[in-house]
Amino acid sequence: TDLVVRTRDPQIMARAIEVAGFARRFDVAREIARRWVEIDPTSVRARRMLVSILILDIRYDELAQPLIQLLESDKAALPENLLGLNRMFARNPDRVAVFRLIDTVCQPFSGLAEAHYSVAMAAAGANDANRAKQEARKALELRPDWEMAAFLLAQVLMRESPNDAIGFMQSFLERNPDAKQLRLLLARAFIGARRYADAKREFDRLLADSPDN
C-alpha cells in the first residue's frame, strides 16, 4: 500500500484499487483510495473510487461525507446526480439503511427539489409513507410543475387513500394538463375505484393528445 501511494501516480493507484477490489480486499482498496484523496483532494476520480469501494463493502457508516464531497465536486451535474442516488443502492435489500444514508447525504442540498425527491424515494422504499409524502411535497414546493415528484406523491397516497390520491392528481392536472404519465395513473386509479366514466374521460384525453400511442 505504501509503495503504491508513494508513486503518486493516479493510474497506478486506480489499478491497485481495482485489483484489491476484485480480490475482495476492500480494506486495502479503502486505504489506497483514502490516501489518494489526501494526496489530491481535487481528484474527482479518487473520490469516485473511494465511494465505490465503500458501497461495495457496505460501509454506510463511513460513506455519507465522501459521497457529499463527491456530489459537491460537480455542481453542474448535482441535480442529476442527486436523482441517481437511489439507483446506486438499488441492490441493497436493507432499505431502511439506504433511506438513512440518502437522508443524511441530501441534507446539505435541501434547496434543491431533486434532493427532496431522492429522500422521498428512499423513504417510500423503506415504507416510511409520512416522510415520503413530506419530502415529495417539499420537492413540489420548489418545482410546482414537476410531474415526476407529483407521480411519486400520488403513488404513496394511493397506498393509504385512493380518493386522496385522485383528488391530488386532479388538482395537479388542472395546473399541468400535459402531465401524461400522471393522467394515465389517474385513469387507472379511476378504474380501481370503479369510476369507469371518469377513467374513460382521461383515456380519451390521452388518446387525443397521443393518437399513435
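## Helix α3

At 1.5 Å a residue, the 14 residues of α3 should span 20 Å, and the end C-alpha atoms of this helix are 20 Å apart, which agrees. The expected span is 1.5 Å times one less than the number of residues in the helix. Helices here are DSSP runs of H or I with at least four residues, numbered from the N terminus. This is a predicted model, in which local features need pLDDT of at least 70 and side-chain atom pairs count only at pLDDT 80 or more, while totals for chains, interfaces and linings use all residues. Residues are numbered from 1 along each chain as its sequence is written, and side-chain values use heavy atoms, with hydrogens and water left out.

The buried residues of α3 are F26, A29, R30, I32, A33, W36 and V37. They cover an arc of only 170° around the axis, which puts them on the same side of α3. The arc is that of the directions from the helix axis to the C-beta atoms. Buried means under 20% relative accessible area, exposed over 50%, and partly exposed in between, with a 1.4 Å probe and protein chains only. An α-helix has 3.6 residues a turn, so residues three or four places apart point the same way. I39 also lies in α3, which runs over residues 26-39. With a relative accessible area of 28%, I39 is partly exposed. I39 and S52 are 13 residues apart along the chain, and their C-alpha atoms are separated by 18 Å.

## Aromatic pairs

Rings of Phe, Tyr and Trp (its six-membered ring) pair if their centres lie within 6.5 Å; planes under 30 degrees apart count as stacked, over 60 as edge-to-face and the rest as tilted. By this rule there are three aromatic pairs. One of them is the edge-to-face pair of Y60 and F89, with 5.3 Å centre to centre and 80° between the planes. Y60 lies in the loop between α4 (44-56) and α5 (64-72) and F89 in the loop between α7 (85-88) and α8 (95-106), so the pair ties together parts that are 29 residues apart in sequence. Y60 counts as buried at 14% relative accessibility, and F89 is buried with a relative accessible area of 1%.

The ring centres of Y117 and W146 are 5.2 Å apart and their planes stand at 45°, so this pair is tilted. Y117 belongs to helix α9 (residues 113-125) and W146 to the loop between α10 (129-142) and α11 (147-160), so the pair ties together parts that are 29 residues apart in sequence. Both Y117 and W146 are buried. The charged end of R143 sits over the ring of W146, 4.1 Å from its centre. A charge sits over a ring if NZ of Lys or CZ of Arg is within 6 Å of the ring centre and within 35 degrees of the ring normal.

## Core and contacts

A nonpolar core is a set of buried Ala, Val, Leu, Ile, Met, Phe, Trp, Tyr and Cys residues joined through side-chain atoms within 4.5 Å. The largest such core has 70 residues, and F89, M169 and L182 have the most contacts inside it. Helix α9 gives the most to this core, with eight residues.

Contact means heavy atoms within 4.5 Å. Not counting residues up to four places away in sequence, L182 touches E147, A150, F151, A154, M169, F172 and L173. K133 lies in helix α10 and counts as buried at 13% relative accessibility. With the same exclusion of residues up to four places away, K133 touches L153, V156, L157 and E160. N176, in the loop between α12 (162-175) and α13 (180-192), counts as buried at 15% relative accessibility. Leaving aside neighbours within four places in sequence, N176 is in contact with P144 and D145.

## Helix α14

Helix α14 (residues 196-209) has 14 residues and reaches 20 Å from its first C-alpha to its last, close to the 20 Å expected at 1.5 Å a residue. Its buried residues are D198, A199, E202 and L206. They cover an arc of only 100° around the axis, which puts them on the same side of α14. What covers these buried residues includes α13. The exposed residues A197, K200 and A208 are on the face turned away from the buried side of α14.

## Positive phi

Most residues other than glycine have a negative phi. N127 has a positive phi of about 60° although it is not a glycine. N127 is placed in the loop between α9 and α10 and counts as exposed at 66% relative accessibility. R194, also a residue other than glycine, has a positive phi near 60°. R194 is found in the loop between α13 and α14 and is exposed, with a relative accessible area of 65%.

Methods:
Helices (H or I, at least four residues) and strands (E, at least two) are DSSP runs, numbered from the N terminus.
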